[in-house]
Amino acid sequence: MTDRILIVDFGSQVTQLIARRVRETGVYCEIHPFNRVTVDSIRAFDPKGVILSGGPASVTGTDTPRAPQGLFGMGLPVLGICYGQQTMMAQLGGKVEGSDHREFGRAYVEVSDACALFEGTWSPGAREQVWMSHGDRVTALAPGFRVVATSEGAPFAAVADDERGFYGVQFHPEVVHTPHGAQLLRTFVRTICGCSGDWTMASFRETEIAKIRAQVGSGRVICGLSGGVDSSVVAAIIHEAIGDQLTCVYVDHGLMRLGESEQVVRVFRDQFNINLVHVDASDLFLGLLAGKTDPEEKRKIIGKTFIDVFEAEARKIGGAEFLAQGTLYPDVIESVSFTGGPSVTIKSHHNVGGLPDRMNMKLVEPLRELFKDEVRALGRELGLPEEMVGRHPFPGPGLAIRIPGQEITREKLDILRKADAIYLEEIRNAGLYDVIWQAFAVLLPVRTVGVMGDGRTYDYALAIRAVTSTDGMTADYYHFDHDFLSRLSSRVINEVKGVNRVVYDITSKPPGTIEWE
């Protein structure tokens, strides 16, 4: 079994970044909520080290989160981050207090002493930038620890007990605003914990194929193929594992971008020789969407209709015991979060839900241990084409939510498809596609007056959107130069009949969302 690290989650908004940084070092890790972690569960997971995350609670309060006390007697290296440092100090005999001198954002630590965690990265006497987010602070060390770094607001900004392999930092090494944070985490997992760093997509592929074969046996699997990255990688790895025991169903709702449906059929039927059922249900979807303008109503119609069509095709195929699903690790983390997940629904999720319960099938979820960037890496490992693996995120309801506040018609879809294709072509020509997280066009429910040739026009306004992001949780608009915007506007207006005005959306997330609906 590959070496692994356990991350105990105390509710920090950036706990997933700890896992990302650990996996970037070639070490497998998992995030478990603190209230599900026991000494027995740690032994069962068999990690080579444990990281305690940050969190919003105060160690000084009553009934606030704690690590299992027995963890500190298991002989495992432990790294406490922010709240994780504070609870470790409190549980091992130190002291934590609230402070009037809080630190939020960029700060600087003075490295006062050497320790194994800093080896090769920070030296005594150095002044290093970090990212802080704390109100409470350690005011007395637990026995066996010494101070190795201080800051203006945290006299115990980093503490170390090299003999036991225990370390605590008040700052967040997992965020990019701590420039050497990734290296500190690498030192902890590779050097202090002794992990070999042999977890690769090649090894994951081999292990997961064996797991799929063991789970499915001689059974049959059905997979709903959307053409997106997740379902495409799911289909490719399951097919490599069990071949013709897999049947994929591509429900074409008529809301895809230009040429995408043809690409799905070409790649999976012709290149991979996968059993593929292509259902052109565009007339059905567009008929049900006729006259609908409310975004939630559109989403629900598309989601329900997808389930109905998929279920009908599954019945025609018959005999499948297993349903393939593109569940990712962030979905798994959210489902077991001790906070219960977000309390407010901003909008219905893009993905279709409800399939497993209705179809009474066992789930095959080969991606449930992976983050999105790891899914892309696996897709490349499996030989999927780059234009499919590296594709920008695309919502399940497709172009229906990029025609906001208005009825969906074939005419509007055709206008939007052509404009969107020109936009993405210009982005690729400028070498910007892989720099931008997501880019798309939106057909606005506004007609504007224009002058083309010797006549007046009264056509649609088109908005374009492009954002940079690392995880889609926050995003900033991409700063195109004006030559690009001018060239794009000219092409769209000249080549797409029905558009006479182009505007650029410069709203960040928050306060806006990435999609318009």
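Tutor: Here is a walk through that meeting place, with a brief look elsewhere at the end. This is a predicted model, where local features need pLDDT of at least 70 and side-chain atom pairs count only at pLDDT 80 or more, while totals for chains, interfaces and linings use all residues. Residues are numbered from 1 along each chain as its sequence is written, and side-chain values use heavy atoms, with hydrogens and water left out.

Let's get our bearings. The domain assignment gives domain 1 (4-191), domain 2 (204-390) and domain 3 (410-504); such bounds come from an automatic or database assignment. On the domain 1 side, 14 residues are in contact with 10 residues of domain 2, contact being heavy atoms within 4.5 Å.

Together, domain 1 and domain 2 bury about 1100 Å², with 57% of that on carbon and sulfur atoms. Buried area here is the accessible area (1.4 Å probe) that two parts lose on being put together, summed over both. Within domain 1, Q16, R20 and R23 lose the most area to domain 2, and together they make up 43% of what that side buries.

R23 turns up again: its side chain meets that of E374 in a salt bridge, at 2.8 Å from N to O. The term stands for a side-chain nitrogen of Lys or Arg within 4 Å of a carboxyl oxygen of Asp or Glu. Side chains of opposite charge can pair when their charged atoms come close. Between domain 1 and domain 2 the count is 2 salt bridges.

Which pieces of domain 1 do the touching? Helix 1 (15-24) and strand 2 (28-33) each supply at least two residues of the side that touches domain 2; helices (H or I, at least four residues) and strands (E, at least two) are DSSP runs numbered from the N terminus. By class, that side has 6 nonpolar, 3 polar and 5 charged residues. The classes go like this: Ala, Val, Leu, Ile, Met, Phe, Trp, Tyr, Cys and Pro are nonpolar, Asp, Glu, Lys and Arg are charged, and the others, Gly among them, are polar.

Now for that look elsewhere. By the salt-bridge rule, the count comes to 30. K298 lies in helix 9 (residues 295-317) and E517 in the segment after strand 20 (499-504), so the pair ties together parts that are 219 residues apart in sequence.
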